[in-house]
Amino acid sequence: MSQYQAPVDDISFNLFDVWQLDQYWQQQPQLQELIEADTAKAILEEAAKICEQQLAPYSQIADAVGAQLADGKVSLPEHYYTAYQSLSEGGWTGLSGDAEFGGMGMPKSLSMMVDEMLCSADIAFSLYPGLTAGACVTLLQHADEQMKACYLPKLYSGEWSGTMCLTEAHAGSDLGIMRTAAKPDTDGSYLISGSKIFITAGEHDLTSNIVHLVLAKLPDAPAGSRGISLFLVPKFLVTENGDLAERNAVNVGSIEHKMGINGSATCVLNFDGARGYLIGEPHRGLACMFTMMNYERLSMGSQGLGAAERAYQNALAYAKDRLQGRTGKTDPNKADAILGHADVRRMLLNIKAINEAGRTFATWVANLLDRAKYDDCAQSAQRANLLTPITKAFMTDRGLDACITAQQVFGGHGYVKEWGMEQLVRDVRIAQIYEGTNGIQAADFMLRKVASDQAAVLLALLNDIQLELQAHPTSISHIVEKRIAELIDVSHSLLAQEHNVLSMNACDYLDAVGYVLYAYMWQRNLMALNPAKHSADFVAAKTQTAMWYTQKVLPKVDGLFSSLQSDGSAMFALTEDQF
């Protein structure tokens, strides 16, 4: 059976030692009365209890039971109801919500750590509060005051939940060709008609109402993506005083039978003249929805890390307990724990090095978002925007790698359901696909985030990192500096190429930047170590893992750099028939 213990100590190390965010929070008028280190630790510890006690032990049951559709209603695994109630009562569903509308007002850097725990405990369950949080961010930024006052308090409290309705059967990432239509009604609302697929948490009885954010086109809409508007379509209509009224004309057509995340109700939703309300300006819906999509892309990074952390914990425990083979270090007549074997240590260290760098990276990106919000800092906003596709794509790719590697540690037992490893592989796989496939993330990073400004934001960031490395040298600084210099050279070389070449190289380039930035994350870890504060074992583990990363993992960029500068004309030379 798969176990999980929240890595609260390492999360605290990242928040308070690596990035010293408790000091930053106390400098912000909006945060200093809300949160300091002790409050943050208490929040983390309480969230850990829910994840460890109410979710993680039952995730395999949730996988087996799944979401069930009968007579137009979707039911969920039984323990989801009590766990969700615990989340709601503790304020977790509104952890980073705006305090004006009943949220707790906590910084993103804290809520993202809670997201990781939820994803470790059960990715499928995490999607219910996760989609709701994304819907809240969109409403907060783009809805009018009346709509915010009506819907946000109920969403923050967990009484209601939210969804994102984009995809149609014929229109995946090409949203410009969607067919869902919005017809203006005489009362100022709109009648929404169409069908949406792959709608996470689209129908269930976990909450009393579901607030769908739906992309649709008005009758006079311009062609393509510039003609998309965003509408709020509640499952149950809401009266002026906030009470629930009659059922809206939105119904579940079916639920998908998926490879993983079986506890998540992934629905086909049919809108048959459902009443909806415009969010923001007409024909500006895609820009509004991207607010939610970018939030969810950061959550995808948490899914990759969360699954990888649980996979590592279980693989490590198994490696300590499983007796197999002789290492020659103990009694030659007795089998040794497989942790003594070099290949098992290699696999575990690879996961550990990536996971801990990933946690530092996630904290960094979340804090950039906080600084953009609380300091109104344009540079932080630009850097968070730059790093969002890396958070989504690199962290989920490495998350799947970690789960597969951890499964390998178990040998044949990893392929057997009772150990829970194959579920982690199945569950995390979707994170590379939804919210924009990782190929789309790479194209976005290469073309929109880097090439569009001739890498100005990226190069400024790398320059600042170089200055920091020189000012705070550690045992790995010289290696990180060398790799950054190589990345800068490769970037300049790529920017001289045409669009097709940039697109072809986008995935390798995103990976190269990801591996180099993870090296910088290890630099930050080493800078934060304090023998007077941290135990000798903690310092030694961090130091040796940093060395492993820079010496044995980071050299992957040699192959990536070589590929990025090699001739790829064969891709364009093949005809369709030759493929």
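## Salt bridges

A salt bridge here is a side-chain nitrogen of Lys or Arg within 4 Å of a carboxyl oxygen of Asp or Glu. Keep in mind that this is a predicted model. Glu356 makes such a bridge with Lys352, with the closest N and O atoms 2.6 Å apart. The two sit four residues apart in helix H10, so about one helical turn separates Glu356 from Lys352. Glu356 is buried, at 10% relative accessible area, and Lys352 is buried too, at 18%.

Going by that rule, the count is 29 salt bridges. Another one pairs Glu116 with Arg359 at 2.8 Å, N to O. This pair ties together distant parts of the chain, with Glu116 in helix H6 and Arg359 in helix H10, 243 residues apart. Both Glu116 and Arg359 are buried.

## The largest pocket

The largest pocket has a volume of about 1100 Å³. It is lined by 45 residues, and the closest to its centre are Thr167, Ile433, Tyr434, Glu435 and Gly436. By class, the lining has 20 nonpolar, 15 polar and ten charged residues.

Which element gives the largest share of the lining? That's H13, with seven residues.

## A kinked helix

Helix H13 spans residues 438-450 and has a kink of about 30 degrees, centred on Asp444. Asp444 is one of the buried residues of H13, along with others including Phe445 and Met446.

Technical notes:
Residues are numbered from 1 along each chain as its sequence is written. This is a predicted model: local features need pLDDT of at least 70, side-chain atom pairs count only at pLDDT 80 or more; totals for chains, interfaces and linings use all residues. Side-chain values use heavy atoms; hydrogens and water are left out. The bend at a residue is the angle between axes fitted to the seven residues ending there and the seven starting there. Buried means under 20% relative accessible area, exposed over 50%, partly exposed in between (1.4 Å probe, protein chains only). On a 1 Å grid over the protein atoms alone, a cavity is a set of points where a 1.4 Å probe fits but cannot get out, and a pocket is an open set with protein on both sides within 12 Å along at least five of seven lines; lining residues have an atom within 4 Å of a point. Grid points are joined across faces, edges and corners, and a volume is the space filled by probe spheres set on the points. Ala, Val, Leu, Ile, Met, Phe, Trp, Tyr, Cys and Pro count as nonpolar, Asp, Glu, Lys and Arg as charged, and the others, Gly among them, as polar.
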